[in-house]
Amino acid sequence: MYGKSPTCAVLLFCIQLTVVWHIAAVEVYTSGVVEAVNGTDIRLKCTFSSFSPVGNALTVTWNFRPRDGGPEEFVFYFHEQPYPPTAGHFKNRVAWDGNVNRNDVSIIIWKLQFNDNGTFTCQVKNPPDVDGVIGEIQLSVVQTVRFSEIYFLALAIGSACALMVLIVIVVVLFQHSRKRRWTNRGHVAVETES
């Protein structure tokens, strides 16, 4: 038994695998599900983290899969500079809104249409980090935005503030009226004694 034990070899292999996995993986973060009104513009946010420093080899690819099926379509490409589509559904409707030095590879889509319903994918490669999960955003283009929890929360907070202001006004008016009555009683008492 002059070699390494099997336990030591397995442990060494696991450590190497962990180091290699960390070096080769790019993590992509997106908002997941987004709802927007037809005819408006939207920013599709995509950020990433990489164990390698961001360099000139970084590439970003945005694609689109329609909700009703059909072929995947190219949306946007970035490699040292933005490359918007020159043909297709997104021609003249997509702009770069990212900053790779801040790990942001977001885009803006102008003039949303109902046929923009579907899944947008954001893939980032930063060699040697080339593997990783592709970020997805499920976009729903609607006629009007539904009444969400944020609107309900804003309405509740606004109503509570208005109620507090109303209570303060009532208390101040009551105190002012009470003070006035006491002042009038004092004048009446002085006149009676005279």
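How many salt bridges does the structure hold? The structure holds five of them, where a salt bridge is a side-chain nitrogen of Lys or Arg within 4 Å of a carboxyl oxygen of Asp or Glu.

Hello everyone, and a quick word on ground rules. This is a predicted model, in which local features need pLDDT of at least 70 and side-chain atom pairs count only at pLDDT 80 or more, while totals for chains, interfaces and linings use all residues. Residues are numbered from 1 along each chain as its sequence is written, and side-chain values use heavy atoms, with hydrogens and water left out.

Back to those bridges. One of the five joins the side chains of Asp-104 and Arg-43, at 2.7 Å from N to O. Asp-104 sits in the loop between strand E8 (94–96) and strand E9 (107–109), and Arg-43 in strand E3 (residues 42–44), so this pair ties together parts 61 residues apart in sequence. When I say strand or helix, I mean DSSP runs numbered from the N terminus: helices are H or I with at least four residues, strands are E with at least two. That E8–E9 loop also holds Asn-103, whose phi is near 60 degrees, a positive value in a residue other than glycine.

Next, please find Ser-50 in strand E4 (residues 46–50). Its side chain makes a polar contact with the side chain of Asn-126, at 3.0 Å. A polar contact here is a pair of N or O atoms within 3.5 Å; within protein, one must be able to donate a hydrogen and the other to accept it, and residues adjacent in sequence count only if both atoms are side-chain atoms. A polar atom of the Ser-50 side chain also lies 3.3 Å from the backbone nitrogen of Ser-52.

Now look at Pro-128, in the loop between E10 and strand E11 (135–142). The peptide bond from Pro-127 to Pro-128 is cis, with omega near 10 degrees.

Finally, let's visit the surface. Which residues make the nonpolar patch? They are Leu-163, Leu-166, Ile-167, Val-170 and Val-171, and the patch covers about 450 Å². Patch residues have over 30% relative accessible area and no salt bridge; like charges are joined within 9 Å, and nonpolar side chains (Val, Leu, Ile, Met, Phe, Trp, Tyr) within 5 Å. Accessible areas come from the Shrake-Rupley method with a 1.4 Å probe, and for residues only the protein chains shown count as cover. Val-170, one of the patch residues, is found in helix H2 (residues 149–193).
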